[in-house]
Structures are given as structure tokens and as C-alpha cells.
Amino acid sequence: MATAITQGSAILSNLMRPGGLKLVKSEPTSLHADIVSQLRDFIVEGHLAPGSHIPERQLCEKFDISRTPLREALKVIAAEGLIELLPNRGARVREFSEADIRNLFELISGLDFVAGRLACARISDASIAAIETMHLEMYTHYLRRELADYFRVNQKIHQAIVDAAANPVLSANYANLNSVVRRLRYSANLVRRDRFGDAMREHEQIVDALRRRSADELGLLMFQHIQGKCEAVCEYLRDQQQPESQSSAPLGAITF
């Protein structure tokens, strides 16, 4: 545990370095923001494979929009790191190396570490109760093996803790990184069946630490939770990179 605390403190120090965090302007609530949200979810949920070309005409038809608002939305998604814009060749879904994945998860686990510690000092009793309610909802989806709904509520719990930290800079940077990390976690859904139970137990510990307002414990638990997700995603990536004849058969669903 001492090693993990040292790792968390080191990441926190890195976040505080000049240039370690970027101020991110949030999108206004508008039609543009709605298009960005829909397009982001479409990519996060794996409807377009890594490295694939963005089919602009088909997406315009799907979202009932013209090329101009679609391309404006693509610029936002590209800035978040989900896609890459190609000069005079449209855009494609970004592919990630293992080094890319580890770099992303190091940063977002550091943000979770900070968020957990701050939330314990700033969260209201009503917000704790709301998170406990979400946790019970997530547990119901776990028992029913409703993975998509489990994942959706899981993400709401993490976001609620980040919001409870009441730090706008942290929240903005978390949102910017989380769109990329969500895709990686969502796509890595065919490796280990036993992760489902592990993830549920980890969330029980997180909610319990929040209930007791144990700042150091919660920060560490959230840090370790995200680091475990990093290993699962890297395992999935290595499995996908094996020749088809050597690749192991899917065993179940990774859940986060």
C-alpha cells in the first residue's frame, strides 16, 4: 500500500508541474454540443473500428445533419484525442499503442486520486446518499449481468465523485481525458469474466470509504481501481495483436 501511495503522490506532483494540466473550455449547451455528444458516444461504443475512416456521408444521414456541423463536431472529437484529422483525406479513428494507453491511464488515475481526496472534504451528505443509490442500482445490473447498464451507472458514480471535488480545472481535464479512456475501457470487453466481480468489490470499497469521508483511503482506492483497468485494457490490446491462430478465445466481458 505504501508503494501505491508513493505512486499516487508522484502522479499528483506531475499534474502540478507547469503544463501538466490544460485549461479546457467546455462546450455550450447547444445543437453543436448535442451533435458532439452523440458522435462521441457513437465512437466510444465501438461502432467504428480503430484505424477506420470516418464515413462522413453515412454519419450525416444517421444524425440528420449537413457536412458543416459534422466537420465542426469532428474537430472537437479530434481535439479530445478520439480521432485524427487527415489533410485533405477526412478523418479516422485513432489507434492506441500500449505506451499511449499507459500514459493516458497514469494521468486519469492521478486525477481520480486527487478527486477522491477532495471529495471527502467537500461532498454533501445528500450527494453521498445519491451515490449510494447509484451504487445499489449498479449492483442490480451486476446481478442481472446487464453489462451496458452496469457500465453506464459505473461512469455516473465516477463522475459524481469528480463533481463532488468541486474543482472546475480538475473536472474539465477529467472530462477531456475520460472520453478517450471510456473508449478504451468500453472496447476491451472480451477478455476476463472474473473482472466483473472484482470491479464490483472495488466499487463497494470506494463507496464505503466515501461514506466514512476517509480521504487518503478513497484517493488510493480510486487510483488503484483505474490502474487495474489500465492492465485490463493493455491485456486486451496484446490479445488483439496476436495472430488470429494464436489469439485466445473470448472468455467473457471486462467490466469497469
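R40 is found in helix α2. This is a predicted model. R40 has a relative accessible area of 17%. The cut-off for buried is under 20%, so R40 is buried. Leaving aside residues up to four places away in sequence, R40 touches I77, E80, L82, S179 and R182.

**Packing of α2 and α4**

Helix α2 spans residues 31-44, and helix α4 spans residues 67-80. The two pack at an angle of about 60 degrees. Their axes are 9 Å apart. That angle makes α2 oblique to α4. The crossing of α2 and α4 is right-handed.

Which residues of α2 meet α4? On the α2 side they are H32, I35, V36, L39, R40 and I43. On the α4 side they are P69, L70, E72, A73, L74, V76, I77 and E80. By type, the residues of this contact divide into 10 nonpolar, 1 polar and 3 charged. R40 is one of the α2 residues in the contact, and I77 and E80 of α4 are among the residues that R40 touches.

**Aromatic pairs**

How many aromatic pairs does a search of the whole structure find? The search finds 3. Two of them are described here.

The rings of F42 and F63 have their centres 6.1 Å apart. Their planes stand at 85 degrees, so the pair is edge-to-face. F42 is in helix α2, and F63 is in helix α3 (residues 56-63). The two residues are 21 residues apart, and the pair links distant parts of the chain.

F113 and F223 also form an aromatic pair. Their centres are 6.3 Å apart, with 80 degrees between the planes. This pair is edge-to-face too. F113 lies in helix α5 (residues 98-122), while F223 lies in helix α10 (residues 215-241). The pair therefore ties together parts that are 110 residues apart in sequence.

**Burial of the ring residues**

| Residue | Relative accessible area | Class |
|---|---|---|
| F42 | 15% | buried |
| F63 | 15% | buried |
| F113 | 6% | buried |
| F223 | 2% | buried |

F42 and F63 each count as buried at 15%. F113 is buried at 6%, and F223 is buried at 2%.

How values were computed: Residues numbered from 1 in each chain as written. Predicted model: local features only at pLDDT ≥ 70, side-chain atom pairs only at ≥ 80, totals over all residues. Heavy atoms only, no water. Axes fitted to C-alpha atoms, helices over the stretch in contact; angles between N-to-C directions. Helix = DSSP H or I, 4+ residues; strand = E, 2+ residues; numbered from the N terminus. Parallel < 35°, antiparallel > 145°, perpendicular 65-115°, else oblique. Left-handed = near helix turned anticlockwise from the far one by under 90°. Contact = heavy atoms within 4.5 Å. Nonpolar A, V, L, I, M, F, W, Y, C, P; charged D, E, K, R; others polar. Phe/Tyr/Trp six-rings, centres within 6.5 Å; stacked < 30°, edge-to-face > 60°. Buried < 20%, exposed > 50% of the residue type's maximum accessible area, 1.4 Å probe, protein only.
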